[in-house]
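I opened this entry to keep track of what I looked up, beginning with the ligand and its surroundings.

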Amino acid sequence: MPWPAAPIASRERVAVRVRVRDTAGGWTDWSPAAHAEGGLFDTGDWTARFVSPRGLGGADAPAPLLRGRLDVPGEVTRARLYVTSHGLHRAELNGQRVGDDELAPGWTSYPNRLRYRAYDVTGLIAEGENVLDVALGNGWFRGRLGFRGGRALYGDRLALLAQLEVTTADGRTHVLATDGTWTAGETDVVANDNYDGQRTDLRRPARPAATDPVDVLDADLDRLVAPDGPPVRVTEVLPAVAVTTSPAGKTLIDFGQNLVGWVRLRVRGLPAGTEVTVRHAEVLEDGELGVRPLKTAKATDAYVLAGPDEVTLEPVFTFHGFRYAEISGVAELRAEDVEGVVVGTDLRRTGWFESSHDLLNRFHDNVVWSARGNFLDVPTDCPQRDERLGWTGDIQVFAPTATFLFDAAGFLTSWLADLAAEQHADGSVPFVIPDVLHTERPAAAAWGDAATVVPWVLYQRTGDAGILERQLPSMRAWVDCLAALAGKDSLWTGGFQFGDWLDPTAPPEAPAAAKADPDVIATAHLARSAEIVASAAAVLGDRDTERHYTDLAARTREAFAREYVTAGGLVISDAQTVYALALEWALLPGERERAGAGRRLADLVRTSGFRISTGFVGTPLIADALTSAGAVDVAHRLLLQTGVPSWLYAVTMGATTVWERWDSMLPDGRINPGEMTSFNHYALGAVADWLHRTVAGLAPGAPGYRRLVVRPLPGPVLTSASARHLTPYGEAAVRWQRADGRFTLALRVPVGSTATVHLPDGSDAVEVGHGDHEFACADPYPKSPELPGDPTVRDVLDHAPTWAAVAAAAVELGAVADDREAAGRAVPYLDAPARELADAIAPPIISPHADTFRARLAALLG
Ligand code: BGC
């Protein structure tokens, strides 16, 4: 709900308590108070000015430190530090760290929005002289940024804006604000960069004398904004699980988990001048660090020691994506002296999933870890190579999963504000936000659609219409841009598209070369985004806008059907992704086309040997599309596949995060030869949303989970699954089990919410209110499914054990290389009697194995 009281003034502190009236008219007690405090909302609240060291602190010079002093004449009752910077900052008051956030002020569209933060520093200030030291690092502002080798994209001078306000017992306020009286020095951080790492020379003072002058910069304060979400923090510290020696004699540390952050290391007994180096990588290749996927990022932290005393080494102005570290310079390293420090935006965890299937559970953990690693102030594609950018397409597909797993509303709200700020005048949306690529007219389907989809997902999952109100102009502008590109025939064709990026059949060096036609994908997205804008306008009560975009969506759908759909429901390019789009986004004109498309989609999945065949666009939709086409068992088969490519293949290869490519690591343990090969990319993990909504069965039925739709679809393999989500109303939870011929379901509905429950026996839906509920029905899969009498080829493919035996026989005879090839050969025979699989797999006219295989098949079919 909107803020119910007068707007909070700058520095004003308020307490919020709530109570609730029940239906009988009685009131509950007041809740405990939650506190909020106004930051500095007006430019006029700032007396501080940006200051930058003069003469030192250059791009290749040691990280500078700026110092100011404040004399406090009396007992301190309240103290606040308001601070931001060009570049990263880390503040200390009287030698004590201020706050616990890392890599502040994070990354926003600096020319438009620069975030400051307020810290309660009452406990760090004392009567008398106080010293405020702030070290500055290059970070996103001045370090390397983007895969084109750019550096200092936002400016070449680091600068600080800080205002310390101290109130004493006599009611007076004493202010220390950055100005020309501040001084500067050089720290022991002699080089620092997000991609390349940090070099620290401990022989130099960390807190230098700081006697150099500063310049006051003429920098705009109008772009200062308060944070919308939590900052980046250390969220976990992992022990090293193994210290080993590589074939080349290097000391390797394994943290057992691909993580984002840095290595913390304790050393002792080493002479002054010793150099300790920490290199990072996500995987090993031939037993050594596999650094090729990092591209030009050096990802190396180095320390020059000051002497034999024990010291803890860790960087402050960089981060890495890694599971393994190679450490040199320390003889006889002990595992207990090494830790993996995990950093990321400190989002509250709100969603959980578990099932009876261990590999699936690990996959879900991997999705969570990829979100943690890539939610580092900006939703990024990957955290390790010379990229780490806010790719719009990646979060567009991942937003539903993200908002279930984490309270990501504030985090994404900030990013959407950047998106709106950087959107071009013609409505086109940069491929990455904050934009560092500066493409001329960036309009790519599924990428720019982040402008409409992400706010809509946030509204669906939180019920907060404020996000729609703020984003509507941006949402409209994007759709208007597409409508203009589509022109009179309502078809968005031609031009640059990423398309179904990383379709598994695209060659490693051509990730956009997908089976799905990019024009078909583009027009589908226009229809979808127009529909979203219409729905958003409806929520906001803006009828004219609603009508305008409803019409546009309808025209686009008609054009799509006219141009790309046959009467029988085939969709142009006949790839799984186009069927998934058409089915999920209502792009098929009638029942006949819907049924045909659904059948075709399921058959394409079968004849791909139940291997995944979709890229970024189709992957988040394929399981839902199969479900709505009535082929939920096929969806489960695809989900639980472990052969390459599949969601679980990576898990069988030891993955602890979701990979960028279906085969970032090849079955033989080599790294995919493609130029971009990350092992930590969340996009293909977007199927987790289907796990939550459909496998466990916990879906939002109305914005903010005001109503839940509980419709678990278990599939024949899983015997239990559960999901839990902290909705805006409180905890909702579903847990089901299949045992002894019964399906049992336990459901928790939070106060203020209701649930519509559909049991998998197809019985009528039941409506329930808040509280704990239990349901039971017959197990929809009471015994192992049997092959039907007079089976067709399709029936054989659908019966996993029979198909496995048939395919194994074909492989053994050398008729095919694997089960996938066997399935592919079945395409023209799906409706034929099962025995015709012999003709399909080993055709008598060309195959030397025809007779043997026919006999084997007959035996298998019984
Ligand atoms: C990124 C992707 C991104 C893509 C654009 C890659 O380099 O890592 O995740 O969406 O470029 O297609």
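I began at the ligand, where one of its oxygen atoms lies 2.5 Å from an N or O atom in the side chain of Asp394; I took a polar contact as a pair of N or O atoms within 3.5 Å, where within protein one must be able to donate a hydrogen and the other to accept it, and residues adjacent in sequence count only if both atoms are side-chain atoms. A ligand oxygen is likewise 2.7 Å from a side-chain N or O atom of Asp381, and for the side chain of Trp447 I noted 3.0 Å from an N or O atom to an oxygen of the ligand. Of the 310 Å² of accessible area that the ligand has on its own, the protein covers 96%, with areas from the Shrake-Rupley method and a 1.4 Å probe, only the protein chains shown counting as cover for residues.

I must keep in mind that this is a predicted model, in which local features need pLDDT of at least 70, side-chain atom pairs count only at pLDDT 80 or more, and totals for chains, interfaces and linings use all residues. Residues are numbered from 1 along each chain as its sequence is written, and side-chain values use heavy atoms, with hydrogens and water left out.

I then listed the residues around the ligand, counting a residue as near if one of its heavy atoms lies within 4 Å; among them are Arg385, Glu387, Glu660, Met676 and His681. The shell divides into six nonpolar, one polar and five charged residues, where Ala, Val, Leu, Ile, Met, Phe, Trp, Tyr, Cys and Pro count as nonpolar, Asp, Glu, Lys and Arg as charged, and the others, Gly among them, as polar.

Next I turned to the rings. I counted 26 aromatic pairs, a pair being rings of Phe, Tyr and Trp (its six-membered ring) with centres within 6.5 Å, stacked if the planes are under 30 degrees apart, edge-to-face if over 60 and tilted for the rest. One of them is Trp46 with Tyr116, edge-to-face at 5.3 Å centre to centre and 90 degrees between the planes. Its partners are 70 residues apart, Trp46 in the loop between β2 (34–37) and β3 (51–53) and Tyr116 in the loop between β8 (114–115) and β9 (117–120); helices (H or I, at least four residues) and strands (E, at least two) are DSSP runs numbered from the N terminus.

Why do I call the pair of Phe498 and Trp501 edge-to-face? The ring centres of Phe498 and Trp501 are 5.5 Å apart and their planes stand at 85 degrees, so the pair is edge-to-face. Phe498 and Trp501 are both buried (buried is under 20% relative accessible area, exposed over 50%, partly exposed in between, with a 1.4 Å probe and protein chains only). One aromatic cluster is formed by Trp391, Phe431, Trp447, Phe496, Phe498, Trp501 and Phe616.

Last came the backbone. Most residues other than glycine have a negative phi, and most peptide bonds are trans. I found a cis bond from Ala104 to Pro105, with omega near 5 degrees, and another cis bond joining Ile433 and Pro434, with omega about -10 degrees. Asp740 has a positive phi near 50 degrees and sits in the loop between β34 (730–739) and β35 (742–749), where Asp740 counts as exposed at 81% relative accessibility.
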